[in-house]
Each structure stands twice: as C-alpha cells, then as structure tokens.
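The exercises below are meant to be worked with the sequence and the structure open side by side. Try each task before reading the solution that follows it.

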Amino acid sequence: MKIEAKKKFGQNFLKDSAVLERIIQSMPKSDRIVVEIGPGLGDLTQKLIEHKDVIAFEIDRDLCHLLRQKFHKQIQEGRLKLVCSDVLDHWQESLVDQEYDLIANLPYYVATNIVLKALGDPKCKNILVMLQKEVADKFSAQPKEREFSSLSVLAQSVGDAKRLFVVKPDSFQPAPKVDSAVLLIQKRSNLEDEGFMRFLKSAFKQPRKTLLKNLAQEYPKELLDRIFGQLGLETTIRPHEATTSIYHRLYETLKETIDGKAERTATTGNTE
Ligand code: SAM
C-alpha cells in the first residue's frame with residue numbers, strides 16, 4: 001500500500017538514521033516501558049523495541065494497518081502493543097497503567113498539549129520528544145532568557161528540561177517548514193494544580209507588559225501590591241524575569257489570601 005503523508009495528522013516522517021540514533025542514545029536509563037505517540041512508518045519504533053517494550057498510539061488507520069504487518073512478530077511476542085486511535089481519547093489521569101517514559105517524534109499540531117498532559121501524568125517519568133524548535137525552547141528556557149514562558153515554569157516545576165539538539169527540515173519526509181529539536185524533561189514530580197496553570201496564563205498573557213499589570217487583569221490590584229511588597233518583588237519586573245520559585249510563592253500567597261477570605265466570608269456572611 002502506498003502511504004501519502006497526511007498533513008491533518010502532522011505527518012513528517014523522520015528519515016535521518018543519524019538523528020534516530022541520537023534519540024536512542026539520549027534515552028533515559030531505566031527499566032520502564034516506552035510509550036510512543038505517533039509511530040508513523042515505524043522507523044523510531046523499530047529502534048525502540050530493540051531496547052524496550054513499547055506501547056504505541058497511532059491515529060491513522062492506514063498507518064496502523066501497515067504497522068500491524070511490519071511488526072507482526074513483535075506484537076505476537078508482546079514486545080509491542082499498538083493502540084490505533086487518538087492518544088488524547090485515552091488520556092485520563094494516566095495514559096497507561098504502568099510507569100513509562102514517553103519517547104516520540106510528536107505531531108506538531110498537538111505537541112504542546114501532549115507534553116503538558118505528560119507533565120501531569122503521574123505514571124510518566126521522563127519525556128524525550130522531537131517537536132518544533134520554538135516550542136522546545138519555550139519548555140527549556142531559563143529565567144531572563146527571551147523564551148522564558150509559562151511552559152518553562154511548568155517544566156521546571158516538575159523536573160529538569162533541556163533542549164538536546166536541533167534537527168533541520170531535510171531530515172524529514174515531507175520536510176516541515178520549521179526547524180525541530182529534541183527535548184528531554186526528566187521528571188521529579190507531577191503538575192497537579194490546575195489553578196497554577198491558570199495563574200501562569202494570566203502572568204504571561206502579555207509578555208512585554210509587567211508581571212504586575214498582567215496579574216492585575218485577574219486579581220485585585222491592592223492585594224497584588226501588598227504581596228509584591230511582602231515578597232520583595234519590584235513592581236516593574238517582567239514575566240520572563242521572575243524565577244519558577246517566585247511564581248510558586250506568588251501563587252501560594254495569592255491562593256492562601258483569596259481562599260482565606262472566601263472561608264471567612266462563608267462563616268461570617270460578611271463580604272467586606
Ligand atoms: N514517529 C514517526 C517518525 O518519526 O517518522 C512519525 C512522526 S509524525 C511527526 C507524527 C505521527 O503522529 C504520525 O504518524 C501521525 O499520524 C500521528 N498522530 C497525529 N496525531 C495523533 C494523535 N492525536 N494520536 C496518535 N497519533 C497521532
């Protein structure tokens with residue numbers, strides 16, 4: 001069967017064996033299984049199953065048909081489990097019921113969402129993924145760098161994020177329009193608080209404005225002035241200049257104050 005790459009599924013097949021080898025060399029040392037999202041034509045899958053058992057999720061039925069034939073033996077032996085559907089349809093709290101490392105050349109249209117899901121998934125221990133270089137930079141940037149964003153804070157909140165290497169478009173078929181990069185996030189914990197994500201969204205809403213101005217669109221200005229004072233934060237600080245620990249302290253203090261106030265109102269009925 002002739003396979004045409006489908007744009008709607010973000011299909012850019014990695015055809016560069018040197019890059020495939022570098023991804024394998026970068027795999028975290030562990031006994032965990034690998035989850036691969038979007039095995040495509042199976043080139044990365046082939047290398048992965050030489051080292052680990054793999055569970056792979058593929059949305060495209062034509063590719064699934066091809067993969068079933070190509071990996072007939074490994075599927076029978078139980079070294080590869082192929083799930084033919086949209087990975088997001090399966091992702092409850094955890095994607096699978098055992099600890100795993102996520103290793104994949106991700107479909108770019110949904111790559112950020114997939115990494116965020118993996119950061120929150122308690123069974124996911126490491127993330128080694130190829131995605132758009134610009135997105136890899138956002139996840140791995142350090143405070144004060146131009147790319148430092150809510151994604152960097154989220155990644156640093158659960159572990160260490162590193163952009164390992166850049167991959168040029170001609171390593172893929174068809175070639176994407178942008179550079180790609182391999183990102184490694186070694187997790188220590190999980191993202192648990194949805195409220196923190198919403199808080200970060202407001203903090204970075206307009207990256208060129210001050211952090212205080214951005215937050216003031218969501219929280220009372222007097223409260224923010226007080227908390228900035230307590231934490232010794234300059235009111236002129238921009239979102240990319242604050243560190244991950246400052247974001248956590250700001251959020252915790254805001255939450256405590258707002259929750260405490262709501263509790264007092266509920267018990268006394270006093271809205272002042
Ligand atoms: N791993 C292959 C490689 O390296 O050549 C293919 C990578 S290609 C960038 C992305 C793959 O993800 C495609 O096979 C595509 O069909 C699949 N895909 C896209 N959206 C998906 C989804 N929501 N769930 C599962 N697979 C998806």
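**Exercise 1.** Which residues of helix H3 (residues 61-70) are buried?

Solution. Keep in mind throughout that this is a predicted model. Start with the cut-off, since a residue counts as buried under 20% relative accessible area and as exposed over 50%. By that criterion the buried residues of H3 are Leu63, Cys64 and Leu67. Next, look down the axis of H3: its buried residues fall within an arc of 100°, and therefore they line one face of the helix. On the other side of H3, Arg61 and Gln69 are exposed. Then ask what lies over the buried residues of H3; the cover includes strand S1 (13-14), helix H4 (72-76) and strand S4 (80-83). Finally, inspect the start of H3, where a side-chain oxygen of Asp60 comes to within 2.9 Å of the backbone nitrogen of Asp62.

**Exercise 2.** Describe the surroundings of the ligand, beginning with the residues and ending with the area that the protein buries.

Solution. The ligand is surrounded by 22 residues, of which the closest are Leu14, Gly38, Glu58, Asn105 and Tyr109. Turning to backbone atoms, a polar one of Leu14 is 2.8 Å from an oxygen atom of the ligand, while a backbone N or O atom of Val87 lies 3.0 Å from a nitrogen atom of the ligand. A backbone N or O atom of Pro39 lies 3.4 Å from a nitrogen atom of the ligand. As for area, the ligand taken alone exposes 590 Å², and the protein buries 99% of that.

**Exercise 3.** Is Leu151 buried or exposed, and which residues is Leu151 in contact with beyond its neighbours within four places in sequence?

Solution. First locate Leu151, which belongs to helix H8 (residues 150-158). Its relative accessibility is 12%, so Leu151 counts as buried. Once the neighbours within four places in sequence are set aside, Leu151 is in contact with Thr112, Leu116, Lys138 and Phe139.

Note on methods. Residues numbered from 1 in each chain as written. Predicted model: local features only at pLDDT ≥ 70, side-chain atom pairs only at ≥ 80, totals over all residues. Heavy atoms only, no water. Near = heavy atom within 4 Å. Polar contact = N/O pair within 3.5 Å; in protein donor to acceptor, adjacent residues only side chain to side chain. Areas by Shrake-Rupley, 256 points an atom, 1.4 Å probe, with all protein chains shown as cover. Helix = DSSP H or I, 4+ residues; strand = E, 2+ residues; numbered from the N terminus. Buried < 20%, exposed > 50% of the residue type's maximum accessible area, 1.4 Å probe, protein only. Contact = heavy atoms within 4.5 Å. Arc of directions from axis to C-beta.
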